[in-house]
Amino acid sequence: MLKGKVAIVTGGTRGIGFEVVRKYLSNGAKVILFGSRQETVDNALNKLKEENQSWEAEGMCPKLTDAKEVEEAVNKVKEKYGRLDILVNNAGISQNTPLYNYTAEEFDKVIDLNVKAVFYAILPAAKIMKEQGGGCIINTSSMVSISGQPAGVGYPASKFAVNGITISLARELGKDNIRVNAVAPGVTKTDMVAALPEQTVQAISARIPLGRAGEPEEVADAFLYLASDMASYVTGEILSVDGASKA
């Protein structure tokens, strides 16, 4: 579905991001994953190599909250491969600190990675995509961008912002044949959920109409669809993959 495409996936070393990388590689794309540390990048690449030697994957670890570093990394991809077809902004952090315990520094940390870093990656990527005649940008949102959450206001605020970026840029960049969409996962079996007590996971799952948490591969399927030609007329969408959690 993505044969010959070149993709960047931020936050691609674990969880949903890693499954997106695997899904893209298995569908013929060349993938450059961005991670926070060289060690995690190397570990992810080793896992991919063990699974399939023929996959074309490499990794980088620019500081995503540094606009210049991100621009340089994105441009290096263009210099090596001659193009950039897909950008997935998946890196992010979540937290649930109650308001009265919040600090300005904690709020800024969430906004810096979840919102500013998305913009920093989109800006150089969109310029490349415009020059080559089109491309696809997919941002990771969250079910809390629709429903909010009972504590940790910075996280839903950041994901509401991601939705705004997505919908607005879809309108602005459509003339350049650049599609911009987002995936809004619900409760998914990532490291964060795995760290919770089993009783807590069961309680959360009981509130989901499908009766279970989602698998990272199921969320990755949405990223594959939106990156593929099957979604050639889909832009400005926030695609929920949450088992109707928000219903």
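I take helices (H or I, at least four residues) and strands (E, at least two) as DSSP runs, numbered from the N terminus. I am working on a predicted model, where local features need pLDDT of at least 70, side-chain atom pairs count only at pLDDT 80 or more, and totals for chains, interfaces and linings use all residues. Residues are numbered from 1 along each chain as its sequence is written, and side-chain values use heavy atoms, with hydrogens and water left out.

**Entry: Ile 93**

I looked up Ile 93 and found it in the loop between strand 4 (86–89) and helix 4 (104–132). For burial I use relative accessible area: buried is under 20%, exposed is over 50%, and partly exposed is in between (1.4 Å probe, protein chains only). Ile 93 counts as partly exposed because its relative accessibility is 27%. Next I listed contacts, meaning heavy atoms within 4.5 Å. Setting aside neighbours within four places in sequence, I find Ile 93 in contact with Lys 109, Val 110, Leu 113, Asn 114 and Tyr 155. I also checked Ile 137: 44 residues separate it from Ile 93 in sequence, and the C-alpha to C-alpha distance is 20 Å.

**Entry: the sheet**

I call two strands paired if DSSP finds at least two bridges between them. I see an open sheet of seven strands with parallel pairing, in the order 3-2-1-4-5-6-7. Its edges are strand 3 (57–60) and strand 7 (238–241), each pairing on one side only. On average, neighbouring strands are turned by 20 degrees against each other, direction ignored.

I then took the pairs. Strand 1 (residues 6–10) runs parallel to strand 2, and five bridges join them. Ala 7 sits opposite Val 31 in strand 2. Strand 2 (residues 30–34) has four of its five residues buried, so the rest of the structure largely encloses it.

Strand 5 (residues 135–140) pairs with strand 6 (residues 178–185) in the parallel sense, over six bridges. Here I noted Ile 138 opposite Asn 181 in strand 6.

**Entry: helices on the sheet**

I asked which strands helix 4 touches. Helix 4 packs on the sheet against strand 4, strand 5 and strand 6, and its direction makes about 175 degrees with that of strand 4. Helix 9 (residues 216–227) also packs on the sheet, touching strand 4, strand 5, strand 6 and strand 7. Its direction makes about 170 degrees with that of strand 6. My angles run from 0 to 180 degrees between N-to-C directions, and axes are lines fitted to C-alpha atoms, for helices over the stretch in contact.

**Entry: strand 6**

Ala 184 stands opposite Ser 240 in strand 7.

**Entry: cysteines**

I counted disulfides, meaning pairs of cysteine sulfur atoms within 2.5 Å, and the structure holds zero. Cys 61 counts as partly exposed because its relative accessibility is 29%. Cys 136 counts as buried because its value is 3%. The bridge partner of Cys 136 in strand 6 is Arg 179.

**Entry: helix 1 and helix 2**

I find the axes of helix 1 (residues 15–26) and helix 2 (residues 38–51) coming within 12 Å and crossing at roughly 35 degrees. From helix 1, Phe 18, Val 21, Arg 22 and Leu 25 meet Ala 44, Lys 47, Leu 48 and Glu 51 in helix 2.

Thr 190 is in the loop between strand 6 and helix 7 (191–194). I class Thr 190 as buried because its relative accessible area is 17%. Not counting residues up to four places away in sequence, Thr 190 touches Gly 15 and Ile 16.

Is Ser 205 buried or exposed? Ser 205 is buried, with a relative accessible area of 12%. I place it in helix 8 (residues 198–206). Leaving aside neighbours within four places in sequence, Ser 205 is in contact with Gly 211, Arg 212 and Ala 213. Ser 205 and Ser 245 lie 40 residues apart in sequence and 9.1 Å apart in space, C-alpha to C-alpha.
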